[in-house]
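Here are a few notes to read alongside the model. Keep the viewer open and find each part as you go.

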Amino acid sequence: MTLKPLNDLQIHAIDQAHIWHPYSSLSQPLPTYHVTSAHGIRLTLGDGRELIDGMSSWWCTIHGYNHPQLNAAVITQVEKMSHVMFGGIIHEPAAQLTQRLVDMTPEPLSKVFFSDSGSVSVEIAIKMALQFWQAKGRAEKNRLLSLRKGYHGDTFAAMSVCDPETGMHHLFNKVLQQQIFSESPRCRFGEDWQQDYLADFERQLSTHKDQVAAVILEPIVQGAGGMWFYSPDYLEGVRTLCDKHDVLLIADEIATGFGRTGKLFACEWAGISPDIMCVGKSLTGGYMSLAATLCNDKVAAGIGESEAGVFMHGPTFMANPLACAVATASIDLLLASDWQGNVARIEAQLAEQLAPCKTYDTVADVRVLGAIGVVEMKDFVDVAALQKRFVDAGVWIRPFAKMIYVMPAFNIEAADLSKLTAAIVAVLSC
Ligand SMILES: *Cc1c(COP(=O)(O)O)cnc(C)c1O
């Protein structure tokens, strides 16, 4: 039984006729690029061209593609057991990964719930907070306080806490839970802190504290909602206010986790620990879909005392052994590497090489934090047109809204990173 291969034309024909891509239309499909393989930080296209990858497949592939140690972890595990249900069963891949997550995340996070994707881990975090307050006899605490420009995923509860203007609120208004929003943190990362930066947040929290189960935010880096980097003082202040007003804090570290900002977890910038934390994206080094929601003993004990007595969630592919095995290998690879040195090197190079963009009339702002470089334009960009120009320049950079940004693998070499930044500078200069 041999598989009859499809050629480039056939693949594009099936794609155009039948397949949805993220945020795409099937009646007016935009061009897609056929990738045949990926090694290190290079994607190979169907026509043989090689592109330097600036996106890490949306924050995920922190070690690059086709890494021998990650490949070996998958192969070893697939020969033992690809999957087994998690109801009533435990396996070594889950135990290995759990121990690492508990050890590396901020104390006192110590309980782990595995799921398949970031959005679902956010649903789980919200459900944990609601069950916690039900157990305390305070079921009226059932709303979330979130930040404008936040992004937490595309499922319903996650959508309800995304930015109410750029998110999907207007489309699904009637069915979305009504949450409370505070302004996006104004204090830029690295700039002087002023106490009134927290004023709006404090007002919203103190006004609504009796209805609010938890605050949910992306620590330090607001990702898909605006690629904005804000001051650790803000995060520290939020933690203090949550304690003062008896509200839980959920940190969505799905984009920021595992070193991207220069700390293993962005919460470390403020020296705080959330009550509940979501991780995903680079958890498996970009090999498989896996996410986890961690919580502290207080939340876990509370849920145990709730009406249900148990936490009411249980995905079919919970703690998939293949995904756990490759996640463990990815974490070990990260911790054995000089990831901090690499991220600092990428940060310095991005800052220097993207700086020329600041002088362009079309550019509103240039900012860099850790291994993330952002050029914010004054106007919305034509994604398809820019994408083509980047591909023609030999790089894979996918802009969205007003943002042109890169977040390369941590092991990218200086010369390859220069090609990414040079492509941005060149494309924006004409
Ligand atoms: C990507 C992302 C999510 C959603 O994760 P999916 O795996 O796409 O469901 C949630 N929160 C943040 C901060 C993200 O960057």
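1. In strand E3, Ile-52 is the bridge partner of Arg-42. Strand E2 (residues 42-45) and strand E3 (residues 50-53) run antiparallel and are joined by 3 bridges. Strands here are DSSP runs of E with at least two residues, helices are runs of H or I with at least four, and both are numbered from the N terminus. Two strands pair if DSSP finds at least two bridges between them.

2. A word on the source: this is a predicted model, where local features need pLDDT of at least 70 and side-chain atom pairs count only at pLDDT 80 or more, while totals for chains, interfaces and linings use all residues. Residues are numbered from 1 along each chain as its sequence is written, and side-chain values use heavy atoms, with hydrogens and water left out.

3. Now for the whole sheet. It is open, with 4 strands in the order E1-E2-E3-E15 and mixed pairing. Strand E1 (35-39) and strand E15 (395-396) are the edge strands, each pairing on one side only.

4. Which residues surround the ligand? Among them are Ser-117, Tyr-151, His-152 and Glu-218, where near means a heavy atom within 4 Å.

5. Look next at the polar contacts (pairs of N or O atoms within 3.5 Å). A nitrogen atom of the ligand is 2.6 Å from an N or O atom in the side chain of Asp-252. A polar side-chain atom of Lys-281 is 2.6 Å from a ligand oxygen atom, and a polar backbone atom of Gly-118 is 2.9 Å from an oxygen atom of the ligand.

Notes: A polar contact is a pair of N or O atoms within 3.5 Å; within protein, one must be able to donate a hydrogen and the other to accept it, and residues adjacent in sequence count only if both atoms are side-chain atoms.
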